[in-house]
Amino acid sequence: VIKCKAAVLWSPGAPMDFEEIEVAPPRAKEVRIKMVATGICGTDIKSLADKDLSQFCPIIMGHEGAGIVESVGEGVSTVKTGDKVIILCIPQCGECNTCLTSKNNMCKEIRLSGTHLTSESSSRITCRGKIVHQYIATGTFSEYIVIKEISVAKIDEDAHLEKACIIGCGFATGFGAAINSAKVTPGSTCAVFGLGGVGLSVIIGCKTAGAARIIAVDTNKDKFAKAKTVGATECISPRDFDSPIQKVLFDMTNGGTDFSFEVTGNPEIVATALASCNKDHGACVIVGAIASWVQLSISSKLFFSGRTLKGSVLGGWKTKDEIPKLVSDYTAKKFSLDPLITHTLALNKINEAVQLMKNGQ
């Protein structure tokens with residue numbers, strides 16, 4: 001058993017407590033990992049205040065991380081002690097119907113992670129004598145974790161873990177939404193609503209795919225400079241116009257964009273993003289996490305002549321197969337993660353980091 005520190009949430013809406021925890025050895029098909037770095041995702045921020053999470057407290061949040069394998073359980077074959085690894089918030093079992101089709105990436109095991117427990121519906125982590133849940137069966141806000149082998153992948157030995165960690169969710173989600181989900185075409189026009197880390201990653205994806213115009217949309221103009229750094233050709237704020245932003249975009253692009261991306265997680269923006277698309281062939285991709293109980297209100301006329309609306313989860317990547325390749329591409333300097341990283345803090349500053357996220361900083 002390893003004694004270490006973790007950020008533990010005891011009650012939704014409360015600050016996380018920096019606690020001593022005990023992490024038991026991995027069992028069959030499990031891996032114990034020394035976490036080196038973790039990113040904070042907008043999904044973490046929303047979930048921290050989710051009252052429904054109370055049934056799973058105490059819980060360690062976080063799902064976007066990288067580290068080094070400390071030990072492995074019986075039957076583990078894809079990683080070994082000492083390997084650098086990235087955490088997969090969507091596992092890839094390689095056996096279910098989803099894993100065996102090229103059409104999507106939602107391995108059946110992710111449906112089971114709603115209990116926020118690892119193998120055998122249990123957890124290897126305890127705190128103050130209580131079983132500690134791990135957010136989406138990962139829980140990266142901890143010095144050590146134990147997760148299923150199907151939720152971790154080996155990456156290059158020379159990978160920079162302090163930066164590569166965000167490929168595990170934020171970057172992969174945005175970049176893949178453009179490359180895999182939308183299949184952005186060369187010479188096309190795109191609009192990206194929301195310029196957080198994921199929105200910037202969408203822009204990088206659109207640029208990589210060869211889009212000619214990438215229009216970044218956000219009410220926070222402080223984010224415009226960075227958006228242009230990663231590839232946005234224009235930046236606009238809805239607050240600068242009397243007309244609805246969808247009409248502004250429609251006029252700017254002479255009939256609507258080829259692709260639009262909703263990356264705010266605001267359900268009201270979905271219809272706006274869809275309406276900004278070309279009415280005959282425009283495609284809108286929902287990237288931002290919208291609460292499962294929320295109903296979308298979208299006029300049927302937006303679909304009348306051919307618009308498409310679709311969702312994207314973790315960029316559509318087959319995680320165990322493809323996320324390590326993204327890390328290799330980063331190591332090979334095919335794209336930069338530096339613009340996506342604003343602060344680097346110690347784990348015991350986790351609540352400060354959350355506040356920076358909430359402030360849009």
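Is Lys183 buried or exposed? I looked this up before anything else, in what is a predicted model. Lys183 has a relative accessible area of 56%, so I noted it as exposed.

**Entry 1**

I stayed with Lys183 for its backbone. Its phi is near 55°, a positive value in a residue other than glycine. I found Lys183 in the loop between α4 (170-182) and β12.

I then looked up Ala137, which is not a glycine either and has a positive phi of about 60°. Ala137 sits in the loop between β9 (133-134) and β10. Its relative accessibility is 13%, and because the cut-off for buried is under 20%, I put Ala137 down as buried.

I also checked the peptide bond between Cys57 and Pro58. That bond is cis, with omega at about 0°. Pro58 belongs to the loop between α1 (42-48) and β4 (59-60).

**Entry 2: the parallel sheet**

Next I traced an open sheet of six strands. I read the order as β14-β13-β12-β15-β16-β17, with parallel pairing. The edges are β14 (234-236) and β17 (308-311); each has a single partner strand, so one side of each has no neighbour in the sheet. On average, neighbouring strands here are turned by 20° against each other, direction ignored.

Strand β12 covers residues 189-193 and β13 covers residues 213-217; the two run parallel and are joined by five bridges. For Thr189, I found the bridge partner in β13 to be Arg213.

I then asked what lies across the sheet. Helix α8 (residues 267-275) lies across β12, β15 (259-262), β16 (283-286) and β17. Against β15, helix α8 runs at about 170°.

**Entry 3: the UniProt domain**

I looked up the record for this part of the chain. UniProt, in an unreviewed entry, lists residues 197-327 as "domain: Alcohol dehydrogenase-like C-terminal". In the model, that stretch is 35% helix and 15% strand. The C-alpha atoms at its ends are 17 Å apart.

**Entry 4: β3 and β10**

I moved on to an antiparallel pair. Strand β3 (residues 30-38) pairs with β10 over five bridges. Glu30 has Lys148 as its bridge partner in β10. Strand β10 (residues 144-148) is mostly covered, with four of its five residues buried.

**Entry 5: salt bridges**

How many salt bridges does a search of the whole structure find? I noted 13, and looked up several of them.

One is between Lys29 and Glu149, whose side chains meet at 4.0 Å, N to O. Lys29 lies in the loop between β2 (17-23) and β3, and Glu149 in the loop between β10 and β11 (152-154), so this pair ties together parts that are 120 residues apart in sequence. I checked the cover on both sides. Lys29 is partly exposed at 45% relative accessibility, whereas Glu149 is buried at 7%.

Another links Asp338 with Lys163, and the closest N and O atoms are 2.8 Å apart. Asp338 is in the loop between α9 (319-331) and α10 (350-358), while Lys163 is in helix α3 (residues 161-164), so the pair ties together parts 175 residues apart in sequence. Asp338 is partly exposed, with a relative accessible area of 41%. Lys163 counts as partly exposed too, at 25%.

I also noted Asp329 and Lys334, whose side chains meet in a salt bridge of 3.4 Å, N to O. Asp329 has a relative accessible area of 25% and is partly exposed. Lys334 is exposed, at 61% relative accessibility.

Which residues are linked with Asp83 in a network of salt bridges? I found Lys80 and Lys154 linked with Asp83 there.

Notes: Residues numbered from 1 in each chain as written. Predicted model: local features only at pLDDT ≥ 70, side-chain atom pairs only at ≥ 80, totals over all residues. Heavy atoms only, no water. Pairing = 2+ DSSP bridges. Axes fitted to C-alpha atoms, helices over the stretch in contact; angles between N-to-C directions. Contact = heavy atoms within 4.5 Å. Buried < 20%, exposed > 50% of the residue type's maximum accessible area, 1.4 Å probe, protein only. UniProt positions renumbered as here; feature names shortened; annotations may be inferred.
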